[in-house]
Amino acid sequence: MELTRIRYEKRDRVAHVTLDRPERRNAMDLRMHEELAYVWDDFEADDDVWLAVLTGAGDRAFSAGQDLRELAARIEDGTAAPSTFGSRGKPGWPRLTERFQLAKPVIARVNGHAFGGGFELALACDVIVAADTATFALPEAKLGLIAGAGGVFRLTRQAPYRVALGHLISGRPLTAARAYELGLVNEVVPAAELDACVAAWVADILRCAPLSVRSVKQAAAAAATMPLEQAFATRFPWEERRMHSADALEGPRAFVEKREPRWQGH
């Protein structure tokens, strides 16, 4: 697929995914969703790539969310179908917000606004690193819309319920500092230090065995709504792979031999 809305580069085990419409604050139109689906499919299938960093081009926005100009045009020409939760049946399905089986970690590098679908995209990532100038908001209710890409569900799970509901029904924005206070963001740094901070997260994750990372992500997500006894009794597919992997032998050997482990990913 020719990518016109996304920059996608793979190097040193890392997929770098950039929403690339800075002139529109990286707003997501239908074409961008199609391209993102292609990118996530490729990322998931490539055994040589172990994690992704998702960001927006420029320093004004991670993403302004849905391209409202495109939506308004579709409303005017009668091609905009009623929209609710989820993206099934729409271009780019399953979008990152609904890729529940994606076990590889994704880091959101947030600089500028993460509004609407942009905030929902970040909430679907595993780690969020934000510049101190970043702002988050779900303003859909102000537009007669709904935060249907997971905002209603994820914000009320990842932040205290009453606080989350207040933001959802008012559209009030969150500063990066407030998002950090609420546990929505892993780290907030001055904008000039954002890339170095993201690089440190990438390095730390790559030092871990990739199958361990995927096992942790899958088991933590699946067990979040389970009783503890059920969680202990459940067999998680990536944990089954990890426990029988060569990497599960390599880690202890490397520790005893006082050397860095050589992860194979199997």
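Predicted model: local features only at pLDDT ≥ 70, side-chain atom pairs only at ≥ 80, totals over all residues.

Reply: Domain 1 spans 6-206 and domain 2 spans 209-257, and their C-alpha centres lie 27 Å apart.

Me: What makes residues of domain 1 and domain 2 count as being in contact?

Reply: The criterion is heavy atoms within 4.5 Å. On that basis, 9 residues of domain 1 are in contact with 6 residues of domain 2.

Me: Why is the pair Lys217 and Asp126 called a salt bridge?

Reply: The rule asks for a side-chain nitrogen of Lys or Arg within 4 Å of a carboxyl oxygen of Asp or Glu. In Lys217 and Asp126 the closest N and O atoms are 2.9 Å apart, so the pair meets the rule. Across the interface of domain 1 and domain 2, the rule finds 1 salt bridge. The side of domain 1 that touches domain 2 comprises 6 nonpolar, 1 polar and 2 charged residues.

Me: How many residue pairs are in polar contact between domain 1 and domain 2?

Reply: The count is 3 residue pairs, both residues being at pLDDT 80 or more.

Me: How do you know that the radius of gyration of the protein chain agrees with that of a compact globule?

Reply: A compact globule of 266 residues would have a radius of gyration near 18 Å; the protein chain has 19 Å, and therefore the two agree. The C-alpha atoms fill a box of roughly 65 × 40 × 40 Å along the principal axes.

Note on methods
Residues numbered from 1 in each chain as written. Heavy atoms only, no water. Domains from an automatic or database assignment. Polar contact = N/O pair within 3.5 Å; in protein donor to acceptor, adjacent residues only side chain to side chain. Nonpolar A, V, L, I, M, F, W, Y, C, P; charged D, E, K, R; others polar. Rg over C-alpha atoms; globule rule 2.2 N^0.38 Å.
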